[in-house]
Every structure is written in C-alpha cells, then in structure tokens.
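Please look over the model below before reading on.

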Amino acid sequence: MPEGDDVWRVAARMHAALAGKRLASSDFRVPSLATLDLSGWTVLEVVSRGKHLLHRLAAPDSADSDDGATEARISIHSHLKMEGSWQVLGPSDRWHKPAHTARVVLKAEDGVSAVGFSLGILEVVPTAEEGHVVGHLGPDLLGADWDPELAEANLRSRPDRAIGLALLDQQNLAGIGNIYRSELCFLFRVHPAAPVAAVADLSGLVTTAHRLLEANKARPSRNTTGGYGPRGDSWVYGRAGQPCRRCRTRIEHATLGEPAAALQRERDICYCPSCQPPPG
Ligand SMILES: [Zn+2]
C-alpha cells in the first residue's frame, strides 16, 4: 500500500510526461469504461489528492478557452490500493507488468504513454464533480488545502480511537499509510493502539507528519530518521527483531485492526515496547 508521498511522485511523473499533450488514443480495459474514447482530448494536469490520482483532461477544441465550459473537462480518478501502479513509457519501452493486469492505456501524440496496472479504483467523472470521489478526504498532507488545525480536530473528534487507526483514516488527514503511522507513533513515544486522547503532543505529531511527507516527496527513497546511513531509513517500520535506535530494546511487530470494520484488513505495526509501552 503506497504512502501519500509515493502517490505524489506518481502524479508528478505523469504530469511531467503528459501535461499539455493531446492523446492519440485511450484504451480502458474495465467493462464500465470500455467504450470511452479520449483520443483528441488534452491532458491538462495530473495531481494527487491524498492517495488518489486525478488526470484532468479537456475535450478537443476546448483546452484553450478561458472559461473552459465545465462539461468539457473530465477527470480520470484512480487509486493504487494494494497492488496498483502507473508506468510512464517512451515509444520503445516495455510494460513492467503483465498485459492482462493493464486497466487503462493513455497514449499521447508524441508516443509517450501511461499505463495503469491493477488499479483499485478507475473511474471517469466530470472535473466539476471530483468532490463526489475525493471530497470525503481530510486535509491533504501534500496538498494546497493542508490545514493542520483541521487535521488535529478531525483526529480529536474520536478521542477513544487508537491513534494507529485514526492516522490511517483518510477522512482525518490524507496521505498517511502503514509506514508513516508506525514512524510517527515511535517519534511521539505512543503505542499505536493507545487512544488519540493519550497522545501528549498531537499537534506536534500532525506537524511532523507534514514535514516528513514534504521532505520525502522528492527523494528517491524514503527516510524518516534523517541519518543512520543507507540502511537507516526508518526508526521502527520494517525493523522487527532489530534493536531500537534509541534504547536497544527489540522492536516488535503486531497487527492493529478495528472490530467495527471487519472488512478492513488488519495491517502491520512496528513499535518499541520500551519507548512505546502498550496501553493498559
Ligand atoms: Zn526504544
């Protein structure tokens, strides 16, 4: 499952490859969009919103109009979920995933294309109605709408909920995945299963989340520690069984789920039992 900064990079890569270009062809390989043909449409921009991706396009002959009739703008909304990926290819590049996993192929007139594989969500909506598909998200850690006070208030609205679950809830703040939630809980010395109300410095945690994603969005590989050499990129995530970088206690691994959300898959947490004593 990608983190918000992963999705931001995917959007930036596709924006650089496609923005301003007209599509020579499109090939949607999902039944609901099988007849959609976007050849002649112009890619205006590709942006991320939390962990969601939006390709915004203008209809043929409408891209230059100032007030751009809203009905002539559409957005391809996609989400990578667990397995998805987008690949940008030059005219002679090979696909990095099997063809049967391709869900959409967008080919620009210059031969550059973007292929979406195994996307968890793929739909097309009028750009003016993007709110229907991403409007539920809390403030985006990497977006123009970032609002730390609102993010903190959202988290506090359910003070008894485990902080490790509240941070993953994209309606509170958008962009945190499994890695950042483990790292943030370690940095603020709170066990992921502890209630939100038990976090001593929640505003500091929210501010740090923003700082970490901002710092990592343009890096080739994620680092939340600011040091420790090439293999020292995390405090606890992916380090189960290894010594804590603070206190040398063995890092533990567990899963954290929510009884009320039976369909929500339990996911890994990593923590130091000494720096982050379990609640109770
Ligand atoms: Zn420790």
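A crossing of two helices is called left-handed if the near helix is turned anticlockwise from the far one by less than a right angle, and right-handed if clockwise. Helices (H or I, at least four residues) and strands (E, at least two) are DSSP runs, numbered from the N terminus. This is a predicted model, in which local features need pLDDT of at least 70 and side-chain atom pairs count only at pLDDT 80 or more, while totals for chains, interfaces and linings use all residues. Residues are numbered from 1 along each chain as its sequence is written, and side-chain values use heavy atoms, with hydrogens and water left out.

The crossing of helix 3 and helix 6 is right-handed. On the helix 3 side, Pro148, Ala151, Glu152, Leu155 and Arg156 meet Leu202, Ser203 and Val206 of helix 6; contact here means heavy atoms within 4.5 Å. The residues of this contact divide into five nonpolar, one polar and two charged (Ala, Val, Leu, Ile, Met, Phe, Trp, Tyr, Cys and Pro count as nonpolar, Asp, Glu, Lys and Arg as charged, and the others, Gly among them, as polar).

His79 lies in strand 4, residues 73-79. With a relative accessible area of 8%, His79 is buried (buried means under 20%, exposed over 50%, partly exposed in between, with a 1.4 Å probe and protein chains only). Not counting residues up to four places away in sequence, His79 touches Lys51, His52, Leu119, Gly120 and Ile121.

Asp160 is placed in the loop between helix 3 and helix 4 (163-166). Asp160 counts as exposed, at 72% relative accessibility. The C-alpha atoms of Asp160 and Ala194 are separated by 8.4 Å, and the two residues are 34 residues apart along the chain.
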